[in-house]
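What follows is a short report for a reader meeting this structure for the first time. Please look over the sequence and the model before reading on.

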Amino acid sequence: MSAPGGRATSAPLVGREEEPTLFELSRPGRRAWSFRTGGFPDRSVDDLVPPVHRRAHPVDLPEVSERDLVAHVTRLSARQFSVDLGAYPLGSCTMKYNPKVCDAVAALPGLAGVHPAAPASTVQGWLALLVELEEALCAITGMAAATLQPAAGAAGELTGLLLMRAWHAAAGRPRSKVIIPDSAHGTNPASVTLGGYEVVTVSSDERGCVDMDALHRVLDEDVAGIMLTNPNTLGLFEEDIARIATAVHDVGGLLYYDGANLNAILGVVRPGDMGFDIVHMNLHKTFATPHGGGGPGAGPVAVAERLVPFLPGPRPVRTVDGPLGYGWHTPARSIGRVHSWHGNALVLARALAYIRVNGADGLRRVAEAAVLNANWLRRRLAGTLDVAYDRTCMHEVVFSAQRLRRDHGVRALDVGKRLLDHGFHAPTVAFPLVVEEALMVEPTETESPETLEALAAAIEAVVAEAASHPASVTAAPTATPVGRVDEARAARRLVATFDARPTPEG
Ligand SMILES: *Cc1c(COP(=O)(O)O)cnc(C)c1O
């Protein structure tokens, strides 16, 4: 039995009271476990672990009872907003509700308990799962094959750019530039630079799409490719995509599709049919793994036929000969590994569960509902906030709080903070960069009409308050466990270690 708890736990779950760290809760001798010491063969740990492998000094870990540990974690869990708690309209990040059946699948002992080094002959089921997922993702994107290794969207981007580089190098004409639109997600230019290319920015036109004249001005034989998102980061469909694809292919470049958010197009249109050669997907946004807070992700990269020989290896494949159905294979001109072992495998298992549970028709309904919900909000709030680009949007809509700032000194950030007091997570603020005081709302397909109406009403209330009592909006949030933090200081003076003694600065 574990030792009884030591902390008085009468405090309410959520208040402004600071939650102590486990180190502060620590009392010598308390344990969250206990092992029987009697009734076993007479050998102690000292006998089992040779002295050479033992620490000279015990490591300084917190000592808490199981009761206090559970209370601590439960209190922490109640202090944060989550997709399980309510609407999380964080544009460009798809924070939707994820069905619990996908977690149940990922927790199956036959999947969760397997060592990644297990020989192929003993993990045929896992290999079948990976191959089936790859085939499903290729069917969804219209591509020939995919690597499941990359651990995140940004890792997928870098993988895609390395594939682009390998392809041009193999053709004997290395190139130096990659084009990205000015509305792009911040990881795009970062990945281009990390991939060894120079970033060339192309501007958006007044409809929020790639400016075709600007594109033609920067296209030449030194362009390795273009990175696009469609719908783009303004939530708008690039109507000229076929012309863009032809223009880029005409100079020998490749088209890269940032498919971090596939919510708008699932089962409706495929990047492969739009002319894209390389596509990454964020399984942790579109396909049922909750994300945020740095949790595990997966950013598979799917490619057109001509890029398949360069994919990272080893890849799970159907074996043509031999007694086993599945095995591993490294393509002839592989760029090498981009992740240890086989990627974040349990995220991959969740994604396949999500795809299987929805089926092709269900995935299409996901996209239809995501787009419908965003357009409903766009129309519902048109008289409340300015819509950055007043045309039919896809799965997200960008509003601007520029007028609130000019008339009342209330910024998009303040609106987002005040929404927390109304029980909604903030939308994405100050992004995309091409819209002043942007509020980017992605309602997702999982929210009900009642929730959407409540969100719209909350935004209306905050905008009205911005005019009547701007100070209450700029002081928000007030109903959350943590108030407004000094974000600049937090970013510049990162304190990543814990010291119980007060610092001179306090
Ligand atoms: C989230 C996102 C990314 C980056 O994905 P990570 O998994 O966070 O690395 C890239 N592009 C777009 C458009 C995104 O929304």
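Helices (H or I, at least four residues) and strands (E, at least two) are taken here as DSSP runs, numbered from the N terminus. In those terms, P231 is found in the loop between β4 (223-228) and α10 (241-250). The structure is a predicted model, in which local features need pLDDT of at least 70 and side-chain atom pairs count only at pLDDT 80 or more, while totals for chains, interfaces and linings use all residues. Residues are numbered from 1 along each chain as its sequence is written, and side-chain values use heavy atoms, with hydrogens and water left out.

**Cis peptide bonds**

The bond that joins N230 and P231 is a cis peptide bond, with omega about 10°. A cis peptide bond also leads from G313 to P314, where omega is near -5°, and P314 has its place in the loop between β7 (301-303) and β8 (315-318).

**The ligand and its shell**

The ligand is surrounded by 13 residues, of which the closest are S92, G153, D258, H284 and K285; a residue is near a molecule if one of its heavy atoms lies within 4 Å of it. The shell divides into three nonpolar, seven polar and three charged residues, where Ala, Val, Leu, Ile, Met, Phe, Trp, Tyr, Cys and Pro count as nonpolar, Asp, Glu, Lys and Arg as charged, and the others, Gly among them, as polar. Two helices, α7 (153-170) and α12 (283-286), each supply at least two residues of this shell, and the largest share, three residues, comes from α7.

| Residue | Polar atom | Distance to a ligand oxygen atom |
|---|---|---|
| G153 | backbone atom of G153 | 2.8 Å |
| H284 | side-chain atom of H284 | 2.7 Å |
| K285 | side-chain atom of K285 | 2.8 Å |

Of the 380 Å² of accessible area that the ligand has on its own, the protein covers 87%, with areas computed by the Shrake-Rupley method with a 1.4 Å probe.

**Helix α3**

Helix α3 (residues 66-78) has 13 residues and reaches 18 Å from its first C-alpha to its last, which is close to the 18 Å expected at 1.5 Å a residue; the expected span is 1.5 Å times one less than the number of residues. Its buried residues are D68, A71, H72 and R75, buried meaning under 20% relative accessible area (1.4 Å probe, protein chains only). Seen down the axis of α3, these buried residues fall within an arc of 100°, so they line one face of the helix, the arc being that of the directions from the helix axis to the C-beta atoms. In general, an α-helix has 3.6 residues a turn, so residues three or four places apart point the same way.

**Positive phi angles and a buried proline**

Although T94 is not a glycine, it has a positive phi of about 40°; T94 is found in the loop between α3 and α4 (100-106) and is buried, with a relative accessible area of 2%. A288, likewise not a glycine, has a positive phi of about 75°, lies in the loop between α12 and β7, and is buried at a relative accessible area of 1%.

P181 is found in strand β2 (residues 177-181) and counts as buried, at 9% relative accessibility. From C-alpha to C-alpha, P181 and E460 are 32 Å apart in space, and they are 279 residues apart in sequence.

Note on methods
Polar contact = N/O pair within 3.5 Å; in protein donor to acceptor, adjacent residues only side chain to side chain. Buried < 20%, exposed > 50% of the residue type's maximum accessible area, 1.4 Å probe, protein only.
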